[in-house]
Amino acid sequence: MDLLALADFNLVASHGGFGRASRASGRPKATLSRRVMELEESLGVRLLERGARSLRLTEEGSTLYARTEGLLSEIAEVGATIGAGLARPRGRLRVSAPVLLAHAALGRIAADFIVAYPEVRLEITADDRFVDPVEEGYDLVIRVNPRPDHELVGRCFIRDQLVVAAPASLARPPSDDPDIGVPVPAVLLATAPEGTIWRLQDGERSRILLPDPILRVSSFMMVRDAIRAGAGAAQLPRFLIRDDLAAGRLVSWGVSDRSVEIWALHTSRRLESPKVSAFMQFLCDAFPDASL
């Protein structure tokens, strides 16, 4: 595939027409049209539907643009970096993050980042959905307790305890026999399996709690808000309820034998770019007590 022709196609696709692409780039409209036609002939498919006043990408054209626009931008970024003789973060940086972390911390972190690196155009999407960074064009994905994946590499920037917490108005369950599970009214994530057990360390004592799910919700933020309102006990990352514990709005019943890890990951198919490296370092610096 002719990369120059591909670059011309992406230029036209991004601007929505040959005329606008020509004006934006200063390249002749006829040259752009010819290069796109040559690309279509080499691939054996039509990439653009050309109307009298409009231009529309075909299904094949949409797929080609979605899969190559980020790659060509990265190539251009590498060239600019090498030409400048330094690795300065620049260009668009797309990040996918869980709703919990995005709402709790990423607004502040993102604001500080763009002040530090004004040549980066940062886009953060808050989504608990499992996104594919390659297919969906993300430079970085943030995941909680990710499974090993040879396609992704990165850094753990938060390693935190899981705490079982409850409103002060909810009586702490008895702990006469640590081997006997004690049922407690609980708020669980919708994805938590039936028969969930909480194994806790409360000081020097270990104990087992059997959460009775009186409420199930879809995010940790909703879990926190529900137990703040007195709905029951819940198991949550300490960083999410640290202020509530300090203020006495919630009390800790003990620390879980499980932990939570939050990782920033990027595809192993590409070298780590300066903008990705800079943002990952920002995340680690924002959580100095929990980062690797």
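## Strands, salt bridges and a pocket

Colleague: β6 and strand β10 (residues 234-237) pair in the antiparallel sense, but over how many bridges?
Modeller: First, this is a predicted model, in which local features need pLDDT of at least 70, side-chain atom pairs count only at pLDDT 80 or more, and totals for chains, interfaces and linings use all residues. Residues are numbered from 1 along each chain as its sequence is written, and side-chain values use heavy atoms, with hydrogens and water left out. Two strands pair if DSSP finds at least two bridges between them. β6 and β10 pair over four bridges.

Colleague: Which residue in β10 is the bridge partner of V164?
Modeller: Strands are DSSP runs (E, at least two residues), as are helices (H or I, at least four), and both are numbered from the N terminus. In β10, V164 is bridged to Q235.

Colleague: With which strand does β6 pair over 14 bridges?
Modeller: β6 covers residues 152-167, and this pairing is antiparallel. P167 stands opposite L250 there. The partner, residues 250-267, is strand β11.

Colleague: How many helices and strands does the protein have?
Modeller: Both kinds of element are present. The secondary structure comes to nine helices and eleven strands.

Colleague: What percentage of the 292 residues is buried?
Modeller: Buried means under 20% relative accessible area, exposed over 50%, and partly exposed in between (1.4 Å probe, protein chains only). By that rule, the buried share of the protein is 40%.

Colleague: Among contacts between residues at least 6 apart in sequence, what percentage joins residues at least 24 apart?
Modeller: A contact means heavy atoms within 4.5 Å. The share that joins residues at least 24 apart is 72%.

Colleague: How many salt bridges does the structure hold?
Modeller: Side chains of opposite charge can pair when their charged atoms come close. The cut-off is a side-chain nitrogen of Lys or Arg within 4 Å of a carboxyl oxygen of Asp or Glu. The structure holds 14.

Colleague: Which residue forms a salt bridge with D8?
Modeller: The closest N and O atoms are 2.2 Å apart. The pair links distant parts of the chain, 19 residues apart: D8 is in helix α1 (residues 3-15), its partner in the loop between α2 (18-25) and α3 (29-43).

Colleague: In which helix do E38 and R34 both lie?
Modeller: The two form a salt bridge, with the closest N and O atoms 3.2 Å apart. E38 is partly exposed at 34%, and R34 at 44%. They sit four residues apart, about one turn of the helix, in α3.

Colleague: Which residues are linked in a network of salt bridges?
Modeller: The network links D8, R27, R34, R35 and E38.

Colleague: How far apart are the closest N and O atoms of D225 and R228?
Modeller: Both residues lie in helix α7 (residues 220-228), three residues apart. D225 is partly exposed at 40%, and R228 at 38%. Their closest N and O atoms are 3.7 Å apart.

Colleague: Is N10 buried or exposed?
Modeller: N10 lies in helix α1. Not counting residues up to four places away in sequence, N10 touches Y65, T68, E69 and L72. Its relative accessible area is 6%, so N10 is buried.

Colleague: Which residues of helix α8 (residues 238-247) are buried?
Modeller: Their cover includes α5 (99-116), β6, α7, β10 and β11. Just after α8, G248 takes a positive phi of about 85°. The buried residues of α8 are F239, L240, I241 and D244.

Colleague: Which element gives the largest share of the lining of the largest pocket?
Modeller: The lining has 38 residues, with V144, N145, L189, T191 and F220 nearest the pocket's centre. At least two residues each come from β3 (91-97), α5, β5 (140-144), β7 (182-189), α7, β10 and β11. The largest share, four residues, comes from β5.

Technical notes: 1 Å grid on protein atoms, 1.4 Å probe; cavity = no way out; pocket = protein on both sides within 12 Å on 5 of 7 lines; lining within 4 Å.
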